[in-house]
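Open the model in your viewer and keep the sequence panel beside it. The stops below say what to select and what is there.

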Amino acid sequence: MYQSSHFESQTPMALSLMADTVLNPRFDEEEIDSAREAARYEVKQLASKPEMFLPEVMHALAYNNQGLGNSLVCPPERLDSITSPLIRQTMQDWYRPERMVVAGAGMSHQELVELTDKHFSSLKASPPSPLPTQVRPQQSIPSHVLSPSLPTSPKSSLTRAASYLFPQKQKDAPSPLSLTSGYTGGTKFIFDGDAEFNHLYVGFESVGIHDDDVYTVATMQILLGGGGSFSAGGPGKGMYSRLYTHILNHYPQIDHCASYHHIYADSALFGLFASFVPASSGYRGGNTPSHILPHLVHQLSLLLYSAVQAQELQRAKNQLKSSLMMALESRVIQVEDLGRQILVHGRRVPIEQMLEKIDAVTPDDIKRVANRLYGPQSGNKPTVLTLGHENITDHEAIFRKYGLAGGESA
């Protein structure tokens with residue numbers, strides 16, 4: 001994404017500079033070397049922050065290192081292979097009209113159409129050239145991080161600018177990379193005897209962005225909520241969410257506990273994670289992952305077997321709606337949201353439609369979708385990731401005890 005914030009009168013200059021950056025980059029060797037060193041530093045820093053790299057490992061585990069399981073992080077040993085010719089080849093493959101959207105907010109629609117036509121109409125759709133196999137790393141995180149692991153079983157008129165110039169991509173359009181995102185689930189333990197906290201992630205495959213149940217899952221995620229043990233409180237900070245009231249308020253050894261929902265076009269990851277003082281640290285009240293997993297699984301099971309109270313559900317829906325509305329008050333977020341919606345849906349989904357679908361979520365919907373995602377009859381498999389001092393002894397028994405998918409005997 002290339003983005004600019006500017007006075008309305010400077011829109012021609014902004015789009016001219018943006019087009020020049022996109023279509024005519026220089027890529028001086030000194031500039032690439034500098035960017036490489038910056039990336040090397042960032043990857044090194046990432047390795048020391050479990051909350052940053054564990055979602056990458058979680059995706060690799062859930063999607064078997066393919067499709068959505070491919071890492072967003074470049075392994076350090078691959079950085080030197082990123083050269084000017086490779087970058088230009090990548091841009092040639094991906095920077096094509098059918099993959100591009102020009103979105104704007106605050107300027108004249110007709111002006112945006114004319115400027116886009118002026119600067120980008122020379123682009124022509126063309127068949128992609130295959131990328132070298134060496135630029136498709138299969139690791140989910142740099143090898144020095146993974147090595148210590150043990151094997152374990154806003155206005156609708158704006159959208160016309162894109163559709164006017166760039167016809168919607170057909171479903172059978174060629175792609176530079178034929179990637180799949182088949183969910184497999186799995187378990188993994190990464191031993192780190194120096195970790196300050198144990199980290200535990202539990203997840204299941206959820207519905208993609210085009211599924212009608214996505215609004216129910218989003219409401220479930222807000223309902224579970226959570227956050228850090230030192231959250232500032234208030235309705236917008238998870239104070240009334242289940243993970244905050246039932247876990248963080250009762251177990252001081254848990255530093256962080258929250259729900260997550262990583263959503264994509266054809267799949268998603270939904271679940272919970274917790275960071276807590278390890279039992280081996282010697283601190284009073286320390287826990288092992290086998291102690292904490294039942295608390296997380298229990299919170300998921302409550303959505304399966306207990307009806308959500310009307311007041312609690314309404315609070316979660318209000319919080320979800322307010323977060324959407326307040327985010328779109330910013331033009332920076334508004335224009336990014338518009339561009340993403342055109343790419344994903346082929347159209348702008350009006351905020352009013354989103355609010356209606358959120359309002360329509362009922363307690364029965366929560367139970368039905370929870371059963372769809374991780375009910376014992378769903379046939380789905382969990383993804384369980386642990387990093388720290390100890391591993392989970394028998395996660396299947398815990399899932400079985402609370403009636404979730406994944407409790408079947410091996």
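Accessible areas here come from the Shrake-Rupley method with a 1.4 Å probe, and for residues only the protein chains shown count as cover. By that method the chain exposes about 21,200 Å², and carbon and sulfur atoms supply 53% of it.

This is a predicted model, in which local features need pLDDT of at least 70, side-chain atom pairs count only at pLDDT 80 or more, and totals for chains, interfaces and linings use all residues. Residues are numbered from 1 along each chain as its sequence is written, and side-chain values use heavy atoms, with hydrogens and water left out.

Show the whole chain as a cartoon. The chain has 15 helices and seven strands; helices (H or I, at least four residues) and strands (E, at least two) are DSSP runs, numbered from the N terminus. Of the 410 residues, 46% count as buried. Buried means under 20% relative accessible area, exposed over 50%, and partly exposed in between (1.4 Å probe, protein chains only).

**Charged pairs**

Side chains of opposite charge can pair when their charged atoms come close. A salt bridge is a side-chain nitrogen of Lys or Arg within 4 Å of a carboxyl oxygen of Asp or Glu. The structure holds 12 of these salt bridges.

Select R26 and D28. Their closest N and O atoms are 3.3 Å apart, in a salt bridge. R26 is exposed at 64% relative accessible area, while D28 is partly exposed at 29%.

Next, select R96 and E98, a salt bridge with the closest N and O atoms 2.5 Å apart. Is R96 buried or exposed? R96 is buried, at 3%; E98 is partly exposed, at 23%.

Go on to helix α12 (residues 331–345), where R340 and E336 lie four residues apart, about one turn of the helix. They form a salt bridge, with 2.9 Å between the closest N and O atoms. Then select D211, D213, D365, R368 and R372, which salt bridges with shared partners join into one network.

**Aromatic rings**

Rings of Phe, Tyr and Trp (its six-membered ring) pair if their centres lie within 6.5 Å; planes under 30 degrees apart count as stacked, over 60 as edge-to-face and the rest as tilted. The structure holds eight aromatic pairs.

Select F189 and F191. Their ring centres are 6.5 Å apart and their planes are at 70°, so the pair is edge-to-face. F189 is buried, at 3%, and F191 is partly exposed, at 40%.

Now select F204 and Y374, whose ring centres are 5.5 Å apart with planes at 40°, so this pair is tilted. The pair links distant parts of the chain, 170 residues apart: F204 is in strand β3 (residues 198–206) and Y374 in helix α14 (residues 363–374). Both F204 and Y374 are buried.

Finish at Y201, Y260 and F273, which form one aromatic cluster.
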